[in-house]
Amino acid sequence: MPFVLWVNARLQTNFFFLNTAAPGSPLEPLQHMFGHGALYISVIIMLLGVLWMVMYLPWTLVPRPKPIWA
């Protein structure tokens, strides 16, 4: 992510919506609540971690069946 921030600064772009959220995107309310900069990015990282846990936690809680050949 630091590399993308550097590229955004050099090219004056907004790759991965790290500088600002696109108008009408789901990230826009986060930007309005937390502003621009480090706090906005840290909230996105925390949200990504929460979503990642929600997606993968069921796979870790359900026991795997034993293979037939074992």
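Where does H3 bend by about 35°, and which proline follows within four residues? Select Met55: H3 bends there, and Pro58 is the proline that follows. The bend is the angle between axes fitted to the seven residues ending at a residue and the seven starting there.

The model is predicted, so local features need pLDDT of at least 70 and side-chain atom pairs count only at pLDDT 80 or more, while totals for chains, interfaces and linings use all residues. Residues are numbered from 1 along each chain as its sequence is written, and side-chain values use heavy atoms, with hydrogens and water left out.

Next, select residues 38-61, the whole of helix H3. Helices are DSSP runs of H or I, at least four residues, numbered from the N terminus. The expected span is 1.5 Å times one less than the number of residues; for the 24 residues of H3 this gives 34 Å, and the end C-alpha atoms are 34 Å apart, which agrees.

Within H3, pick Tyr40, Ile41 and Val43, which are buried (under 20% relative accessible area, 1.4 Å probe, protein chains only). Their cover includes helix H1 (2-11) and helix H2 (28-34).

Centre on Leu30: leaving out residues up to four places away in sequence, Leu30 touches Gly35, Tyr40, Val43 and Leu47 (contact is heavy atoms within 4.5 Å).

Finally, go to Pro63, in the segment after H3. Pro63 is exposed, at a relative accessible area of 69% (exposed is over 50%). From Pro63 to Pro2, C-alpha to C-alpha, is 38 Å in space and 61 residues in sequence.

Technical notes:
Helix = DSSP H or I, 4+ residues; strand = E, 2+ residues; numbered from the N terminus.
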